[in-house]
Amino acid sequence: MKKNKFMRLASVMLMLCLITTCAISGTFAKYTTSASATDQARVAKWGVTVTMMAEEEIFATQYKDAAVTSSGTVIGGNNDTDVVAPGTYGTLSTIDVTGTPEVTVDVTTNLKLDLSNWTVTWDHDNDGGTTPEIPYCPIVFEVDGVKYGMKGIKDYTGTLVPDATSYTTTAELETAVINAILTTIYGDATNTVAGTSPYEIQKVVRYTPNHTFAIDEDFSWEWAFNYNVDAKDTELGNLSANASSTDDPTVDFAMQVIVEQVD
Amino acid sequence: MSANDKHETLESYKAEQRSTYVRVMLMVNIVFILLLVTIGVIALKVSNILPEGQDIFYIVGKDPSLDITDGDGKKWKNQENVDIFKSNYENGEGQITVASQNGDKVIAPGTTTKYMFALFNDGNVALKYETDIDFSLLANGNEATNADEFPLLVRLSTDEDGGRYLIGSETEWVSVSKAKIDSYVSQLGASSYENFTLEIKWEYEGGNDEFDTLLGNLSAEGVADGNGGLLITMGINTVAEEHIDPEAKGGTMVQENGQPVDVEYGGTIRWIWLILLFINIAMIIFYVSWLLNKRVNKW
């Protein structure tokens with residue numbers, strides 16, 4: 001009996017030993033694991049293009065009559081000076097902005113329009129001097145199909161510049177043309193600030209991501225050959241032709257459009 | 001035969017039987033001990049050639065385990081997409097400055113994003129792990145050869161020891177091309193965790209506006225052409241294995257009621273096994289002694 005109990009006890013312990021051996025031997029196995037995480041992103045779209053006419057194309061050193069193909073009808077005193085004259089016309093600027101950027105952008109427009117030394121005056125309303133004479137500046141500007149000029153001036157078709165967009169001072173004309181340009185780009189001409197030289201006016205508008213730009217505008221200028229006052233045109237020409245160049249009537253236009261991502 | 005003779009014969013028979021039993025038991029014990037050792041050696045050898053993560057025997061007591069979870073509560077699985085990037089970004093004033101047109105995740109100059117994840121060793125043995133970052137650039141569906149020039153900067157930090165940077169520093173960001181070469185190796189104690197923060201930035205004033213604009217235009221053209229644009233892929237990889245010292249420390253221990261949790265990795269089972277082994281050895285020694293004693297008495 002003693003032997004049987006002992007045998008049984010020994011057998012049980014041996015079995016336990018075997019079972020735990022299975023468990024312990026598992027501890028020799030090496031645990032390894034790996035995990036990874038990935039993500040993908042696309043570079044946010046820019047794709048904004050701004051196209052403008054080059055400054056040197058606004059005015060020219062010479063102009064041709066459309067009927068004359070081989071020589072100019074107006075040629076500057078020296079070939080480096082851009083000139084304007086009765087019968088000349090040109091594009092003040094073209095601006096083309098397209099794209100749908102996925103970022104916030106600021107569109108900054110810098111402008112300058114300077115009509116200097118238009119000192120020849122005239123009785124624009126033929127009232128015999130009852131109202132003061134105003135500067136004779138026969139340059140007519142066209143923005144978004146609307147003509148801007150001095151009071152009493154006609155365009156190349158002989159049509160008077162509308163009263164609403166005609167002015168008695170060159171400063172008012174400058175402001176009106178600039179505001180008209182800003183309005184065609186932004187929808188209004190408010191919230192402008194002084195520009196940094198050489199520009200006089202600056203307007204900045206911020207657009208949220210995914211705004212689609214579709215600005216496509218042309219601005220032009222003309223000096224009608226007929227329909228205005230030939231004697232005054234001649235006076236202007238004489239003023240330019242005199243010995244002094246500091247009193248030459250000039251038209252100075254500059255425009256810059258910048259589209260920039262905002263942080 | 002006299003009564004004494006009969007008694008002597010019986011005693012002799014009993015002794016012989018006893019002796020036989022002892023010999024058999026001795027043989028059985030030796031065989032089992034050899035079997036025990038053999039199984040242990042086999043397990044060791046087999047475990048070295050098994051595929052990763054598999055064990056040939058059910059592990060009782062030792063329970064290594066690693067969980068990786070991100071700040072959104074998403075557990076990592078191999079090559080699974082997580083949300084490192086976003087489709088919209090805001091500036092410091094809460095204004096959206098970058099917004100995807102079609103819901104894609106995007107990145108642009110001036111965007112910064114943070115991705116947080118935690119490694120949690122919820123097993124009862126220490127682990128050694130290695131973490132690294134990888135990056136690739138696809139241009140219109142094709143892998144770009146100049147991915148290293150992409151102006152992305154990264155930093156990787158952990159909250160261990162009050163917070164320290166593993167890649168970059170508080171004032172320094174590292175280009176993604178350099179970051180993907182380095183790897184971070186460390187250890188995580190049982191029932192311990194470590195939090196990581198991966199920061200990714202595309203500088204607004206990175207010093208190369210032309211290049212930034214080029215990238216934006218390429219992406220726009222690619223999207224318009226249906227090629228997907230410029231795509232970047234960022235990956236974080238972690239490989240972990242048992243530490244040679246199961247009781248090695250690392251990371252922050254999980255606390256319960258302000259005290260670190262108890263960790264046991266099968267010591268009890270090991271002790272039981274050892275005790276049984278010693279008992280078997282003791283039994284062998286006892287039997288051998290008994291046998292020898294019997295021999296001596298016979299002489």
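A residue is called buried here when its relative accessible area is under 20%, exposed when that area is over 50%, and partly exposed in between (1.4 Å probe, protein chains only). The structure is a predicted model, in which local features need pLDDT of at least 70 and side-chain atom pairs count only at pLDDT 80 or more, while totals for chains, interfaces and linings use all residues. Residues are numbered from 1 along each chain as its sequence is written, chains are lettered from A and ligands numbered from 1 in the order in which they are written, and side-chain values use heavy atoms, with hydrogens and water left out.

Of the 299 residues in chain B, 37% count as buried. The accessible surface of this chain is about 17,000 Å², and carbon and sulfur atoms hold 53% of that surface; such areas come from the Shrake-Rupley method with a 1.4 Å probe, and for residues only the protein chains shown count as cover. Contact means heavy atoms within 4.5 Å. Among contacts in chain B between residues at least 6 apart in sequence, 73% join residues at least 24 apart.

One residue of this chain, B:Thr131, sits in strand E7 (residues 127–139). With a relative accessible area of 2%, B:Thr131 is buried. Its side chain makes a polar contact with the side chain of B:Thr238 at 3.3 Å. A polar contact is a pair of N or O atoms within 3.5 Å; within protein, one must be able to donate a hydrogen and the other to accept it, and residues adjacent in sequence count only if both atoms are side-chain atoms. Once neighbours within four places in sequence are set aside, B:Thr131 is in contact with B:Ser183, B:Tyr184, B:Ile236, B:Asn237 and B:Thr238.

Strand E7 also takes part in a charged pair. The side chains of B:Glu241 and B:Lys128 meet in a salt bridge (3.9 Å, N to O). B:Glu241 belongs to strand E14 (residues 230–242) and B:Lys128 to strand E7, so the pair ties together parts of chain B that are 113 residues apart in sequence. B:Glu241 is partly exposed at 26% relative accessibility, and B:Lys128 is partly exposed at 40%. A salt bridge is defined as a side-chain nitrogen of Lys or Arg within 4 Å of a carboxyl oxygen of Asp or Glu. Another such pair in chain B joins B:Lys201 and B:Glu203, again at 3.9 Å, N to O. Here B:Lys201 counts as buried at 17% relative accessibility, whereas B:Glu203 is partly exposed at 33%.

Over all chains, the structure holds 16 salt bridges. In chain A, the side chains of A:Arg42 and A:Glu102 meet in one of 2.8 Å, N to O. A:Arg42 lies in strand E1 (residues 32–43) and A:Glu102 in the loop between strand E5 (89–99) and strand E6 (105–116), so this pair ties together parts of chain A that are 60 residues apart in sequence. A:Arg42 is buried at 1% relative accessibility, and A:Glu102 is buried at 0%. A network of salt bridges links A:Glu142, A:Lys147, A:Asp155 and A:Glu222.

Finally, B:Ala282 lies in helix H4 (residues 267–298) of chain B and is partly exposed, with a relative accessible area of 43%. B:Ala282 and B:Lys6 are 276 residues apart in sequence and 36 Å apart in space, C-alpha to C-alpha.

Conventions:
Helix = DSSP H or I, 4+ residues; strand = E, 2+ residues; numbered from the N terminus.
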